[in-house]
Amino acid sequence: MDKIQMKILETTSLTEIKSYLNRPSNMQEDVSKIVREIFEQVKEKGDNAVRELTLKLDKVWLDEFQVTEKEMLASMEEVDTELKAAIRQAKENIYKFHKAQSPANISIETMPGVKCWTRWVAIDEIGIYIPGGTAPLFSTVLMLAIPALIAGSKRVAVFTPPRQDGSVHPAILYAAQLCGVHEVYKIGGAQAVAAMTLGTEQISKVDKIFGPGNSYVTEAKMQAILRGVAIDLPAGPSEVLVIADKTADPAFVAADLLAQLEHGADSQAILLTSDAALALEVNRQMQVLSANLPRRNVIEKSILHSFTIIAKKELIPELANHYATEHLIIQTGNNEFYLEGIRHAGS
């Protein structure tokens, strides 16, 4: 039996269906204590603490943390033409979408002689954390650096774990250049968050930290708040909810589910559908599409707490609201029905 199969659950009981919609537990003891100790080390020893932690956790010793101009230029040659084109296209699409969201300054006289106004000003210095351990998330560079580029932040610094040869994945560097990033540092984990929070000899502190990470990075961001540095949000494991009906392309649905499942072993993907035949075909397509994926071993773990729920169409918006997913994808013949009923979802 193929390991890449979603459990298919079917019931008419709304209470029972809601009981299925639980997120995987990811409790790790002592994370807070370990991260607090990392902050103390970086505070006391600066660069040396970052070097020692990088050696311990990433198995590489670094004298200089910042990626050089030579390394940045080399990435232009190391990324293949097809991937460059995809990154450029993504950058263009993301730029258009975020540019359209740029807020406008307003000024209004609420009563004679009383004027109220707002003026939007970019955050001066931001730090962006880009995971690079099990997968180099160069897409996150695009999603976070492009809004900073549009806003006009004075300094945008990317922090990402080094590979064992001391380099950074070239696709991350290529995306960073394309988005106007000012600095890239070969530092990952909680020590990266501590460095951009406290500052070291080689690294200037930032005003706000953005980006996803594992439980240690998330905890480090929470501790950064206590030290006067803002964060975007404490991100949890990746998740997606796909709503699809018989009009959907099963291969597209399967691709959307797999794309989220490969993020990490604690990721979760859920398919909500009223069509049993679609559920079976999506399972088949997931097997076909995952056959040659380099991160298939990750998917085999994350799919264990992922599933398909077959439910009546009328119940699906309420179930989606109950789960309140991070990522929502709707592939149906009547999208408006679902959009009108869904109030709780991320992107």
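**Notebook: Lys-186 and its surroundings**

I began with Lys-186, whose side chain makes a polar contact with the side chain of Glu-71 at 2.9 Å. For a polar contact I took a pair of N or O atoms within 3.5 Å; within protein, one must be able to donate a hydrogen and the other to accept it, and residues adjacent in sequence count only if both atoms are side-chain atoms.

A note on the source: this is a predicted model, in which local features need pLDDT of at least 70 and side-chain atom pairs count only at pLDDT 80 or more, while totals for chains, interfaces and linings use all residues. Residues are numbered from 1 along each chain as its sequence is written, and side-chain values use heavy atoms, with hydrogens and water left out.

**Entry 1: Lys-186**

I placed Lys-186 in the loop between strand S6 (183-185) and helix H8 (189-198). Helices (H or I, at least four residues) and strands (E, at least two) are DSSP runs, numbered from the N terminus. Is Lys-186 buried or exposed? Lys-186 counts as buried because its relative accessibility is 8%. My cut-offs were under 20% relative accessible area for buried, over 50% for exposed and partly exposed in between (1.4 Å probe, protein chains only). I then listed its contacts (heavy atoms within 4.5 Å). Leaving aside neighbours within four places in sequence, Lys-186 is in contact with Leu-62, Phe-65, Val-67, Glu-71, Thr-160, Pro-162, Gly-166 and Val-168.

**Entry 2: two positive phi values**

I looked up Lys-59, which is not a glycine and yet has a positive phi of about 60°. Lys-59 sits in the loop between helix H3 (47-58) and helix H4 (69-78), and at 52% relative accessibility it counts as exposed.

Ala-324 counts as partly exposed, at 36% relative accessibility.

**Entry 3: helix H9**

Which residues of helix H9 (residues 215-225) are buried? I found Val-217, Thr-218, Ala-220, Lys-221, Gln-223 and Ala-224. These buried residues pack against helix H2 (31-45), strand S4 (125-129), H8, strand S7 (208-210) and strand S8 (230-231). At the start of H9, I saw a side-chain oxygen of Asn-214 come to within 3.0 Å of the backbone nitrogen of Tyr-216.

**Entry 4: Lys-3**

Lys-3 lies in the segment before strand S1 (7-10) and is exposed, with a relative accessible area of 56%. Not counting residues up to four places away in sequence, Lys-3 touches Arg-296, Glu-300 and Ile-303. I also checked Lys-3 against Glu-125: they are 122 residues apart along the chain, and their C-alpha atoms are separated by 45 Å.

**Entry 5: the whole chain**

Stepping back, I noted 14 helices and 12 strands in the protein chain. The radius of gyration is 22 Å, close to the 20 Å that the globule rule gives for 347 residues, so the chain is as compact as a globular protein of that length. The radius is taken over C-alpha atoms, and the rule is 2.2 Å times the number of residues to the power 0.38. Along the principal axes, the C-alpha atoms fill a box of roughly 70 × 60 × 45 Å.

Of the 347 residues, 43% count as buried. Among contacts between residues at least 6 apart in sequence, 76% join residues at least 24 apart.
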